[in-house]
Amino acid sequence: MSGTDLNDLKRRMDGAITAFKSDIASLRTGRASANILDPVTVEAYGSRMPLNQVANITVPEPRMLSVSVWDKQMVGAVDRAIRESHLGLNPIVDGQNLRIPLPELNEERRKSLVKVAHDYAEKAKVAVRHVRRDGMDALKKAEKDGDIGQDESRALSEKVQKMTDDTISEVDRLLAEKEKEIMQV
């Protein structure tokens, strides 16, 4: 197992971090964020499309989202998609624009969002551990096949383990940040 394989493991672990960041970005905090509407899909032109492919999403105020629908005929479908998205949002239609006031988060809702964030974190950690297992398996195989010696195998195993520990602590750090952000009143 060479240095390039370590780079591949690092790249895959970084991918888990990136996916985790993307997951927690869509979780609602006290402030408005265009990412809140990322999971919303709209029935448009005979297929389901992400909201950001049929409209422009902006944040004019800290507790307000604005959605500018490009095609006049799509306004009703966009309104319906947002209402049915289980995000607890009620858009106000204003011509081709939808104003979406964000309600205050109550304690119960905040706690459930923190739970979701923990689930995302666990998913990211499992992905990192899978990458670690692949790396360790490759090392064992290389040692068994005689491609590398025991000492080199042990040294590389330690590097893979350190990479894993660093990545998991990064997930924990991001989770703690997001949890603090969600619970902030």
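Asp 79 touches Pro 91, Val 93 and Leu 98, not counting residues up to four places away in sequence; contact here means heavy atoms within 4.5 Å. This is a predicted model, so to speak of local features takes pLDDT of at least 70 and side-chain atom pairs count only at pLDDT 80 or more, while totals for chains, interfaces and linings use all residues. Residues are numbered from 1 along each chain as its sequence is written, and side-chain values use heavy atoms, with hydrogens and water left out.

**Asp 79 and helix H2**
- Asp 79 sits in helix H2; helices (H or I, at least four residues) and strands (E, at least two) are DSSP runs, numbered from the N terminus.
- Asp 79 has 15% relative accessibility, so it counts as buried; the cut-offs are under 20% relative accessible area for buried, over 50% for exposed and partly exposed in between, with a 1.4 Å probe and protein chains only.

- Four strands form an open sheet in the order E3-E4-E6-E5, with antiparallel pairing; two strands pair if DSSP finds at least two bridges between them.
- E3 (55-61) and E5 are the edge strands, each with a single partner strand, so one side of each has no neighbour in the sheet.
- From one strand to the next, the twist averages 25 degrees.
- E3 and E4 pair in the antiparallel sense over 5 bridges, and Asn 56 has Ser 68 in E4 as its bridge partner.
- H2 packs on the sheet, touching E4, E5 and E6, and its direction makes about 15 degrees with that of E6; axes are lines fitted to C-alpha atoms, for helices over the stretch in contact, and angles run from 0 to 180 degrees between N-to-C directions.

**The nonpolar core**
- The largest nonpolar core has 25 residues, and Leu 37, Leu 51, Val 67, Val 78 and Ile 82 have the most contacts inside it; such a core is a set of buried Ala, Val, Leu, Ile, Met, Phe, Trp, Tyr and Cys residues joined through side-chain atoms within 4.5 Å.
- E1, E3, E4, H2 and E6 each supply at least two residues of this core, with the largest share, 5 residues, coming from H2.
- Setting aside neighbours within four places in sequence, Leu 37 contacts residues including Leu 51, Ile 57, Val 67 and Ile 100.
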